[in-house]
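Q: Here is a chain to go through. What do the domain terms rest on?

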Amino acid sequence: MNFRKIPAIVIAIMVASTNLSAAEADYNVVPMPLSVTVDAAQQPFVLGSDTRVVTTKALDREGDFLREYISALPKAGAKGVISLDTKLKSDNPEAYTITLTPGKITVSGASAAGVFYGLQTLRKSLPANLDEPVEMPAAVVSDAPRFAYRGAHLDVVRHFFDADQVKTFIDMLALHNINKFHWHLTDDQGWRIEIKKYPRLTEVGSKRKGTLIGRYGAGETIDSIPVEGYFTQDQIRDIITYASDRHIEIIPEIDLPSHMMAALASYPELGCTGGPYEVLTTWAGYKDVLCPGKDKTMTFIADVLTEVMELFPSKYIHIGGDECPKDRWKECTDCQARIKQLGITPTDKASAEDLLQGYVTAFAADVARKAGKSIIGWDEILECDVPQDAVVMSWRGIKGAVNGTARGHRVIQTPNDYLYFDYYQSDNAAAEPLAIGGYIPVRRVYSFEPLTEEMSDEQKSLVMGPQANLWTEYVPTFSHLQYMELPRLAALAEVQWTAPDKKDYHSFKCRTPRLFAIYDRNGYNYATHIKDTDVSFRPDRQKHALVMKASVYPGHQLRYTLDGTVPDVASPLYSEPLLLDKDCVVTAASFAPDGTRGTVVSDTLRISKASFAECTLAYKPYSPFAFGGADALVDGLCGDDNFRSGRWVGFLGDPCDVTITLPEPTEISQVGFKTCIVWPEGALEMSRAEVYGSADGKDFTLLATVDNPEQDPAQKNGAYAHTITFDPFKAKAVRVVVKPCAPAGIWSRIIFVDDIAVK
Ligand code: TNX
């Protein structure tokens, strides 16, 4: 069902009607199944803790999971049975069908995994309150995941989480139909996996003296609280079984050749200088990495990877490859001798030392291949030639996925601008626990499309699936870990599982209360920003107005004002999209059932001759920064310092080249807009702007230009206003071209533009 086509009021009634009976199941769960057909004419099946579960021997474990999921219910005293089988015929091994009749529920999977996902759907369909037997409406639910690779990553190095906590993490993944757990086990700040051949890795490398206080870069103070811990191979085997029972494959990561300070502290002879080295107590700033010039280092890599691959049944081993400084290799006689021996010659894109990392990657890939496995590496591995079987994990945005697939590699999408759960989930950082930075609210996670526009169909076929990463520099406790994961993991689940035409953010939101009830029952800590004020704007050409649409959390209310005052419980209640056709300050806030006001959001509408007009773009916006797209250029709303607010549109390489068709021919003499400088994203000031006018909408005359050839390196991040005036011109259409620039040393040419005001 596409909720976008249905007025909000109808949605409200639909949502209410799904909750008609408090004790009725609702199969519209998270992630949303492919198809749910309810047969209201039939009697429901009545489910209680005494409902009999019938399985074959091969599905015993699934049967036990189901008994556990329904154990909190009172007895139904009913005769019905639930039967599990793997008879479903489907190309997708994870597909399942649930057939519910008054006397029997049949969960049929294409494999045991399919059955398991059917059980997750059943469990998530239960109402929040489990104090009476549940009526399960007669229905057929048919479902299968969109992506075969549905991952979640956890860093247990920067902070250590023990075996029980890792198992709870795995439970959280299972609840969200995630089937790959990427386990980041080694890094500069600790070595957390027992390696029999190299016992000092855990004796020495699993311990650090203390941890940096506050955010990296803000000071150098280290506390004196030791952090230590590692997993024995027995514990790991137990965790692998625990995960596999839940149809989750664990992919271990041994991050090399950089992020190896813990290994160097244990075996200094593996470094270029020979040390001494220390397990890091801070998050970056080191130069020491493994020395690929020394044979014993290569033996170490082969030995460690081999032992790890013997332990983990996964087809893949992640060998890291990220963030490798080359300083030591440049000065190391062994590394230079290796470069000579290999006949490496620098190119204009890569130094000899860059290419030496390619040798390490290829070596690791070889070790893996001999064990019948393949490597996964962070997108830095693309900086050299890489063996074709290497899988690229794109983390620096989607570029690694676009470039990797262009070179024929399979890729996993973990872009840091959508799927880094160590980033803030609210734009009010002051009210949040310290995080590394960034801003990735649930809505942003939800909006991620792994098969990006930048890819051809062939490239798209190489995308294995999406994964979210949780780095734990600033995540010291397990409860905090859960807060960072939940409910962003729920949004991720829908990106990974749900068919694109079934995805709808508001519908997703309305399906979360039952999921949150499971979080509550399991004692999971989770963030609640999803319930907060959430409004969006789009121009309506016909009505010549700005439409404000709210996504109101079930049970909440949205109130607004148009005079700049803060809404209170007596302010107008939002019930349907609001048309704004005059200059105003629109302010909105969500109110919880107990009357508590959420975040107050405010925007100023300033209508110009271009507002709400037809507008076309000569070049597509860069998809991660497209936000409101062309509409945002004529919505009458200005951008501020936050480039992710939805008021900005970002273009990569191409100019913002927009043609606006005015509602009627009008005299114009001024064009105004802002640009947004974001140095860390490579988004800088424009190099040139051009304004053209057309009397007939076909032929355009240049009216004005502004040149800005030199970038000021001191120009701070933020929004900058530009006003261009020219001799009055009677225009039917106006074309504005804003060009990006790229000073030396800046890797991307992004230009951000907000509302284009024409006067
Ligand atoms: C970059 S993502 C890293 C990690 C950090 C993370 C913090 C990647 C391959 N490397 O070492 O923990 O940023 O967001």
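A: The protein chain is assigned domain 1 (4–143), domain 2 (151–183 + 225–527), domain 3 (532–604) and domain 4 (614–758); such bounds come from an automatic or database domain assignment. This is a predicted model: local features need pLDDT of at least 70, side-chain atom pairs count only at pLDDT 80 or more, and totals for chains, interfaces and linings use all residues. Residues are numbered from 1 along each chain as its sequence is written, and side-chain values use heavy atoms, without hydrogens and water.

Q: What makes domain 2 and domain 4 count as in contact?
A: Contact means heavy atoms within 4.5 Å. Ten residues of domain 2 meet eight residues of domain 4 on that rule. The domain centres, taken over C-alpha atoms, are 37 Å apart.

Q: How much area do domain 2 and domain 4 bury between them?
A: About 870 Å², with 47% of it on carbon and sulfur atoms. Buried area is the accessible area (1.4 Å probe) that two parts lose on being put together, summed over both.

Q: Why is the pair Glu453 and Lys620 called a salt bridge?
A: The term needs a side-chain nitrogen of Lys or Arg within 4 Å of a carboxyl oxygen of Asp or Glu. The closest N and O atoms of Glu453 and Lys620 are 3.9 Å apart, so the pair qualifies. The count between domain 2 and domain 4 is one salt bridge.

Q: What makes helix H16 mostly covered?
A: Buried means under 20% relative accessible area (1.4 Å probe, protein chains only). In H16 (residues 488–497), ten of ten residues are buried, among them Arg488, Glu494 and Trp497. A helix here is a DSSP run (H or I, at least four residues), numbered from the N terminus.

Key
Buried < 20%, exposed > 50% of the residue type's maximum accessible area, 1.4 Å probe, protein only. Helix = DSSP H or I, 4+ residues; strand = E, 2+ residues; numbered from the N terminus.
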